[in-house]
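This briefing concerns a pocket and the salt bridges of the structure shown below. Please read it with the model open.

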Amino acid sequence: MAKKKILKSLTVLGAAALLVLGLTGCSSALDKQEEIMSTNVCNMLNSSQIVNTITDAEFDKYTFLASDFKDDGSAYVVDINGIGSYNNEQNKAYVSLQYRVGKEEFASVDSKKAEQVVEALNSVIQKYEMQKFSFAPMSNINEFNKQMGNVFESPVNGFRHCQSLTYKVDNIQYNEEKGYVSFCTTANTKYSKTTTEMRYMLIGTDSNGKPKMGWRVVPVTHYENFNQDHEIYLRATPEEIAAMKNDPSKIFDKFIEVVKSDNKNAITVRSVEINNDKLFNDNSGYTMER
C-alpha cells in the first residue's frame, strides 16, 4: 500500500480549539472520502470568484494534508490545508481553504475514525461558502520542506530537529519600501535527544552456555513533538520583488537558495506559536526525513 498523507482526528483542547491530529489509515472508506475531497475542492476552486482574483490555475487534483480548527465561541473556523495540482498536475502549490462552520457539523464525528473526519470536511466544502483562500506555488515542495527543517529551532533545550512537515504556507506579503518579502508557515515538527543510561540486561552466555546478565551503557533517544507557526522574512531587491509578484514561486526558490547557502543576513525566522498538543506522524508523501 502506498504511503498515506497525514490525516487527523478531531480532538478537543479545552473549550478553546479543535484541531486535526496524527491519525493515519489505509481503508477503502478513507480512500473514497479523499477522492471525494479532491473532486469537491477542485470543482469549487475552478468556479470560485475568490480564487479567480488570485490565480487563473485550473486545478486537477487536491491532496489533503491537515486541517486546523479554532473555536470562536459560536462556530468553528476551519482551515483545510493541502497541495493543489494544476496544469495537468505539472505544477503544485500549497492551497488552504477557510470556512466558518456550525459546531453541529462535527457533533457526531468519531474522532478515532479518519474517514468520518474527512467526510465531515467534505460536507463543509459542499454546504458552506469559502471565506478565505491562500495559494503558494512551489517549484519543488520536497526541497522546500527539507530547507524548512534547517530553520526550525527546538523549544526544548538540548533537542535537535529530526523530522518535520510544513503543511500550510500563506499570507505572502511584499514590502518594497523595506526591501523584503514574507510568508507564514504551519508545520508539524519532531525533535530528538539521545542520552545514555546503564541497564541490567542479557550480555551473552557463560562457559556453560547459561544466560549471563550484566550492566551495559545503552543509548536512549527521547522525542518531543510540536506544531509550530512561523513568520519568515527574506531580503529582496526591487527587481526580485517585481519578479516574485509576477510568479510567487520565486519567493520559495529564494528561500531555498538563502537557507542552503546559510546566508543569515538575508533571512529572519520568527516563531509565532508553539503547541505541543499536536502529535506528529511522519507518514506523508511530502514529508522530509533527515
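In this predicted model, strand S9 (211-235), helix H6 (249-260) and strand S10 (267-275) each contribute at least two residues to the lining of the second largest pocket.

**Second largest pocket**
- The space in the second largest pocket amounts to about 340 Å³.
- Its lining consists of 15 residues, and Asn150, Val151, Glu153, Ile267 and Val269 are those nearest the centre.
- S10 provides 5 residues, the largest share of this lining.
- Sorted by class, the lining holds 6 nonpolar, 5 polar and 4 charged residues.

- Lysine 260 forms a salt bridge with glutamate 143 through their side chains, at 3.9 Å from N to O.
- Lysine 260 is exposed, with 56% relative accessibility, whereas glutamate 143 is buried, with 18%.
- Lysine 254 and glutamate 240 form a salt bridge through their side chains, at 3.0 Å from N to O.
- Lysine 254 is buried at 12% relative accessibility, and glutamate 240 is partly exposed at 27%.

**Other salt bridges**
- The whole structure contains 11 salt bridges.
- Aspartate 262 and lysine 264 are joined by a side-chain salt bridge of 2.6 Å, N to O, and both residues are exposed.
- A network of salt bridges links Asp79, Lys168 and Asp170.

Note on methods. Residues numbered from 1 in each chain as written. Predicted model: local features only at pLDDT ≥ 70, side-chain atom pairs only at ≥ 80, totals over all residues. Heavy atoms only, no water. 1 Å grid on protein atoms, 1.4 Å probe; cavity = no way out; pocket = protein on both sides within 12 Å on 5 of 7 lines; lining within 4 Å. Points joined across faces, edges and corners; volume = space filled by probe spheres on them. Helix = DSSP H or I, 4+ residues; strand = E, 2+ residues; numbered from the N terminus. Nonpolar A, V, L, I, M, F, W, Y, C, P; charged D, E, K, R; others polar. Salt bridge = Lys/Arg side-chain N within 4 Å of Asp/Glu carboxyl O. Buried < 20%, exposed > 50% of the residue type's maximum accessible area, 1.4 Å probe, protein only.
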